[in-house]
Amino acid sequence: MSVHKPLEGIKVVELASFVAAPAAGRMLAEMGADVIRVESTAGDPWRFYGVNCGLPVADEENPLFDLYNLGKRDIQLDTKTLEGKEILLRLLGEADVFITNNRLKSLVRAGLDYDSLKDRFPKLIYGLVTGYGQTGPDVDAPGYDGVAFFSRSGMLADMAEPGGYPASAPGCVGDGATGAALFGGICAALLNRERTGMGDFVETSLFGNAVWLCGTMSAFEQYGYHYPKKRSEMGALYTFYKCKDGEWLHLAVTQHDRYWKPLAEALNVPELAEDERFKNAALISRNRAQLIPLLEQAFSQFDYDEIAARLRERDIVFDRMRHYRELATDPQAVANGFVKEYIYESGHPFMMSMPPVHMRSVGETGPGRGPKPGEHTDEILKQLGCSEDEIVHLKEAGAVKQHS
């Protein structure tokens, strides 16, 4: 039985580098869109980033690049040449969606900003990723997710305890969240175009996504619940505890009246639930500095597996605090297809993280490698109607490159 993916027939032109905007293109490709990467003739710098972390960066095996570019076609184009710019405009003439994360100044200078294109391509949906938004004092500032998403939002400074080193930003998490937001906005714009026949401008930013995702923390701060916090200031029933075998457990009790007594029973300290200092949620919050050491002592009497079984019996929310290294083989991730194995030409197996949105109409999708630089240049040019002589001329002029 053939599967008709929901975005089949949708053409996307992606003029982007690094991660956030390509992540949106990756998700659109997963849903069936024909995504054409317009890559510079020098190559996307992200292709070469893995060497900084000891990962391979060969055309045949480039896991960091492949994560966000699987399912796309690639044309290498120098849009600074007249011929290259014209090819890009011809691609946009056939496109439903244009995605870019080029800086606003350069887009305006090149005539590739939304206002320069909207009249020429009235049905085009223009998707833009910025670092800090479209206006304000930092509108032209460059930004990666570690800076514009994690540092600017307060996450790195306020996740650590006061006086310690700031936390280290996890790679590309802000990029992935921002790409997912752009993906959703583009899908909404495509639906609206079905109703109105008109394109739209969809913008999101690394900083804007961080502000949204940290909205709870911002609300806390505005009403006097301040970060960063010392251990003694954390929520006693919503924090982490070390077990006897050295494993850390993250406890997440939010309904104190329902679960406080069962928790105390699971820990073999039922007297704590009757203690006048901890009788209700308000008292637990007020006296957290006294309760946390008592719970630390109680958890330290159990190996993780033992206390985990006792908590499960009482339907208490918790999990073991795990490590990045466990994601690739996490049985829950494997069972749900959140990670899938791909064997590179080198024979090296790679457990690839997959996009988080699943649809019955899409069916099973597989891992794989992303396109080599310029791998589909000739194919794409021919589909635009370029003759063999024109393609030769474009290559000689340095406007395009084809992967050898």
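These notes cover aromatic ring pairs and charges over rings in a predicted model.

1. Ring pairs overall. A pair of aromatic rings is described by two quantities, the distance of the centres and the angle of the planes. In this model the count comes to 16 aromatic pairs.

2. Tyrosine 114 and tyrosine 126.

3. Tyrosine 126 is buried, at a relative accessible area of 1%. Tyrosine 114 is partly exposed, with a value of 22%; tyrosine 114 is therefore not counted as buried, since that class requires under 20%.

4. Tyrosine 342 and tyrosine 344. This aromatic pair is also edge-to-face, with centres 5.0 Å apart and planes at 85°. Tyrosine 344 counts as buried, its relative accessibility being 2%.

5. A cluster of rings. Phe18, Trp46, Tyr49 and Tyr144 are joined into a cluster by ring pairs.

6. Charges over rings. Two cases can be listed here. Arginine 152 lies over the face of phenylalanine 207, at 5.0 Å from the ring centre. Lysine 229 has its charged end over the ring of tyrosine 227, 5.0 Å from the centre of that ring.

Definitions and conventions
Residues are numbered from 1 along each chain as its sequence is written. This is a predicted model: local features need pLDDT of at least 70, side-chain atom pairs count only at pLDDT 80 or more; totals for chains, interfaces and linings use all residues. Side-chain values use heavy atoms; hydrogens and water are left out. Rings of Phe, Tyr and Trp (its six-membered ring) pair if their centres lie within 6.5 Å; planes under 30 degrees apart count as stacked, over 60 as edge-to-face and the rest as tilted. Buried means under 20% relative accessible area, exposed over 50%, partly exposed in between (1.4 Å probe, protein chains only). A charge sits over a ring if NZ of Lys or CZ of Arg is within 6 Å of the ring centre and within 35 degrees of the ring normal.
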